[in-house]
Amino acid sequence: MDPKPLRIDEIGFGGIKLLQDPAQFCFGVDAVLLAHFARAEETDRVCELGSGNGAASFILYAKYHPRQVTGIELQEGPYALASRTAVMNGLEDHISFLHSDILQLKMHLAAETMDLVISNPPYMEKGSSLVNPESEKGIARHETTAVLSDFMREAARLLRAGGRLCMVHRPFRLGDLIESARAAGLEPKKLQAVVPKAGADANILLMEFVKGAGKELQFLPQLAVRNDDGSYTQELRAIYGSWYGHPFSPASCGNK
């Protein structure tokens, strides 16, 4: 069977178009929520650990215009798409990507050079199930080389004192998130639970960690994605902004 051709989709922010492979992951609500939650400053140097096809990096840049964004991606296919997307949009001077394992990143990026790190890492713990090493989807979902504690350590190494890590993950890993963050010198400061609809259990966590901060964790108001009738909530519409109602659905490709 011939592979499906690449798609060029509007991300709905800043007029940026994104190259996507329909046979692999296309960006979904996780990337949008992470970029919105991160609140980058225009002076920030930002690094995304595990950037995939770059969706969160491009949305973050479109929303907040940080000074520089660098995405790190292990897999060749998504890395190539992200790099081509930067060139296609004329953003290669502002957004760049490195093809690297998190475990090898010391060879490419110096310590304490970032103000903000964002990450949508693999959610499933290493060894929890068998993973096809040729499957981009499997590698994106499951820890393969770097594990959660490696992501935390590398984020802490890259961040200046007082710098922030913003991460999207799953509620069942909350204990691991806090334990590995504190071991790396990152203190959890903000947590927001995301639920499919009001009254449902949370299926997404947004967390902010600060390098070298004191202990004080703030729980933000819970965010519901959909109303009972299946429509998006007013809060999510506000996050998507003018792109709400666009005919392209991020969920039309495989997502985490």
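How many disulfides does the count come to? With a disulfide taken as a pair of cysteine sulfur atoms within 2.5 Å, the count comes to zero. A disulfide is a covalent bond between the sulfur atoms of two cysteines. Cysteine 47 is buried, with a relative accessible area of 0%, and cysteine 166 likewise counts as buried, at 0% relative accessibility; here buried denotes under 20% relative accessible area, exposed over 50%, and partly exposed the range in between, computed with a 1.4 Å probe on protein chains only.

The structure is a predicted model, in which local features need pLDDT of at least 70 and side-chain atom pairs count only at pLDDT 80 or more, whereas totals for chains, interfaces and linings use all residues. Residues are numbered from 1 along each chain as its sequence is written, and side-chain values use heavy atoms, with hydrogens and water left out.

Helices (H or I, at least four residues) and strands (E, at least two) are DSSP runs, numbered from the N terminus. Helix α1 is mostly covered, eight of its ten residues being buried, namely Asp30, Ala31, Val32, Leu33, Leu34, Ala35, Phe37 and Ala38. The helix is followed by arginine 39, whose phi is positive, near 50°. Arginine 39 is placed in the loop between α1 (29-38) and β3 (45-49) and is partly exposed, with a relative accessible area of 33%. Most residues other than glycine have a negative phi. Glutamate 112 also has a positive phi, near 55°; this residue is found in the loop between β5 (95-99) and β6 (114-119) and counts as exposed at 54% relative accessibility.

Nine of the ten residues of α2 are buried, so this helix is largely enclosed by the rest of the structure. The buried residues of α2 are Ala55, Ala56, Ser57, Phe58, Ile59, Leu60, Tyr61, Ala62 and Tyr64, and the helix is followed by histidine 65, with a positive phi near 50°. A nonpolar core is defined as a set of buried Ala, Val, Leu, Ile, Met, Phe, Trp, Tyr and Cys residues joined through side-chain atoms within 4.5 Å. The largest such core has 41 residues, of which Ile11, Phe27, Leu33, Phe58, Leu60 and Ile118 touch the most other members. Helix α2 (residues 55-64) supplies the largest share of this core, eight residues. When neighbours within four places in sequence are left aside, phenylalanine 58 is in contact (heavy atoms within 4.5 Å) with Ile11, Ile16, Leu18, Asn53, Ala82, Thr85, Ala86, Leu91, Ile95 and Phe97. A second, separate core of 27 residues includes Leu105, Met114, Ala156 and Leu165.

Two buried glutamates were examined in turn. Glutamate 73 lies in strand β4 (residues 68-73) and counts as buried at 8% relative accessibility. Its side chain reaches the backbone nitrogen of serine 51 at 3.3 Å, a polar contact being a pair of N or O atoms within 3.5 Å, of which, within protein, one must be able to donate a hydrogen and the other to accept it, while residues adjacent in sequence count only if both atoms are side-chain atoms. Not counting residues up to four places away in sequence, glutamate 73 touches Gly50, Ser51, Gly52, Pro78, Tyr79, Leu98, His99 and Ser100.

Glutamate 187 is found in strand β8 and counts as buried at 7% relative accessibility. The side chain of glutamate 187 makes a polar contact with the side chain of arginine 182 at 2.8 Å. Glutamate 187 and phenylalanine 209 are 22 residues apart in sequence, yet 5.1 Å apart in space, C-alpha to C-alpha. With neighbours within four places in sequence set aside, the contacts of glutamate 187 are Arg182, Glu208, Phe209, Val210, Ala213, Gly214, Lys215 and Glu216.

In helix α6 (residues 174-183), the buried residues include Leu177, Ser180 and Ala181. Viewed down the axis of α6, its buried residues fall within an arc of 105°, so they line one face of the helix; the arc is that of the directions from the helix axis to the C-beta atoms. The face of α6 turned away from this buried side carries the exposed residues Gly175, Glu179 and Ala183. Among the elements covering the buried residues of α6 are α5 (148-158), β7 (159-169), β8 (186-197) and β9 (204-211). Just after α6, glycine 185 takes a positive phi of about 90°.
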